[in-house]
Amino acid sequence: KLSKRLQQIADYVTAGSRAADIGSDHALLPVYLLQSGKCPSAIAGELNTGPFQAAKRQTAVAGLSQAIDVRQGDGLAVLAPGEADTVTIAGMGGALMAEILETGRKAGKLEGVKELVLQPNVGEEIVRKWLTAHGYVLQNESILEEDGRIYEVLHALHGSANQDGKSIEQVYDAGFLAANLDNETKHEWLYRMGPYLLRRGEELLHNKWQHEHGKLARISKQMEKSDLSESRDKQAQLKAEMDTIQEVL
Ligand code: SAM
């Protein structure tokens, strides 16, 4: 049985698509996609030797060595253009994820990729911005809690696969965010929090940013104690960020 987090990722994958899971570690997701009959074939990409071997082992144990091609390499470099319909990337930071996507895009590896399912651990806004800038339309988002951690999963389709998809601004009007923020700040928070999650008023989204606020408050307290002059700017920055979170919540 998959974890709740991986199950949500699997649920977003369109049935019948040829999937590529990048940074696959034990290849749990591709194995599930094959076993459940959702995907006819899959590629598991891994940069590091340990996880690469773990993926090889898991697919062999599942009797899926033929259907799942395990490849070692950096990001989307393991793909030939046109080989995958869906790319999934999960369990890494948003900045690294956007870098993998951008490097791959420049090398033509995303040609023919209609669907992206992404689960950044942090820096979700970087991923939402990358998607928007490169013709991918956010279709839906999920937020879930597992083992005391909160995860977000983003589902995007390429514009060519969904011509009447809505832009992030159409899904949720940033104007609804706290009235006294300037437009640029509202826009930033729309990308940080996610338009579908905001629209649904997800309780976990509220919890997540409440928690973030608590973290910043603790850092700020620490700084107050140390009272170093060079931390004053940083402290003012923290305060401003905390105020904005309160406003938005
Ligand atoms: N995707 C799985 C999941 O969500 O459960 C595994 C997540 S694991 C925390 C991140 C994996 O990404 C590691 O196995 C790591 O080796 C791999 N990784 C990191 N950078 C990578 C890159 N540039 N290309 C491919 N894999 C990478």
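Modeller: A residue counts as near a molecule if its C-beta atom, placed from the backbone, lies within 6 Å of it. The model is predicted, and the answers below are to be read accordingly.

Biologist: How many residues surround the ligand?

Modeller: With that cut-off of 6 Å, the shell can be listed. The closest residues are Gly 23, Asp 25, Leu 47, Ala 90 and Gly 91. By class, the shell has 6 nonpolar, 6 polar and 3 charged residues. The number of residues that surround the ligand is 15.

Biologist: Which element gives the most to the shell around the ligand?

Modeller: The elements that contribute two or more residues to this shell are β2 (42-46) and β4 (86-92). With 3 residues, the one that gives the most is β4.

Biologist: What is the strand order of the open sheet?

Modeller: The protein has 10 helices and 7 strands. The open sheet consists of 7 strands with mixed pairing. β3 (68-72) and β6 each have a single partner strand, so they stand at the edges with one side left without a neighbour in the sheet. Neighbouring strands are turned by 15° against each other on average, direction ignored, and the order is β3-β2-β1-β4-β5-β7-β6.

Biologist: Which residue of β4 is the bridge partner of Ala 20?

Modeller: Strand β1 (residues 19-22) pairs with β4 in the parallel sense, over 4 bridges. The bridge partner of Ala 20 in β4 is Val 87.

Biologist: What angle does the direction of α5 make with that of β7?

Modeller: Two helices that pack on the sheet may be taken in turn. Helix α4 (residues 94-106) touches β1, β4 and β5 (115-120), and its direction makes about 150° with that of β4. Helix α5 touches β5, β6 and β7. The direction of α5 makes an angle with that of β7 of about 5°.

Biologist: Which residue in the hairpin of β6 and β7 takes a positive phi?

Modeller: β6 and β7 run antiparallel and are joined by 10 bridges. Glu 146 stands opposite Arg 149 in β7. The hairpin has 2 residues between the strands, and the residue with a positive phi, near 50°, is Asp 147.

Biologist: Which element supplies the largest share of the side of domain 1 that touches domain 2?

Modeller: The domain assignment gives domain 1 (4-164) and domain 2 (175-248), whose C-alpha centres lie 30 Å apart. The contact takes 11 residues from domain 1 and 11 residues from domain 2. On the domain 1 side, α5 (124-133), β6 (136-146) and β7 (149-158) each supply at least two residues. The largest share, 5 residues, comes from β6.

Biologist: How many charged residues does the side of domain 1 that touches domain 2 have?

Modeller: Sorted by class, this side of domain 1 has 3 nonpolar residues and 1 polar residue. The number of charged residues is 7.

Biologist: What radius of gyration does the protein have?

Modeller: Along its principal axes, the C-alpha trace spans about 60 × 45 × 35 Å. A compact globule of 249 residues would have a radius of gyration near 18 Å, and the value for the protein agrees with this. The radius of gyration of the protein is 20 Å.

Definitions and conventions: Residues are numbered from 1 along each chain as its sequence is written. This is a predicted model: local features need pLDDT of at least 70, side-chain atom pairs count only at pLDDT 80 or more; totals for chains, interfaces and linings use all residues. Ala, Val, Leu, Ile, Met, Phe, Trp, Tyr, Cys and Pro count as nonpolar, Asp, Glu, Lys and Arg as charged, and the others, Gly among them, as polar. Domain bounds come from an automatic or database domain assignment. Two residues are in contact if their C-beta atoms, placed from the backbone, lie within 7 Å. Two strands pair if DSSP finds at least two bridges between them. Axes are lines fitted to C-alpha atoms, for helices over the stretch in contact, and angles run from 0 to 180 degrees between N-to-C directions. The radius of gyration is taken over C-alpha atoms; the globule rule is 2.2 Å times the number of residues to the power 0.38.
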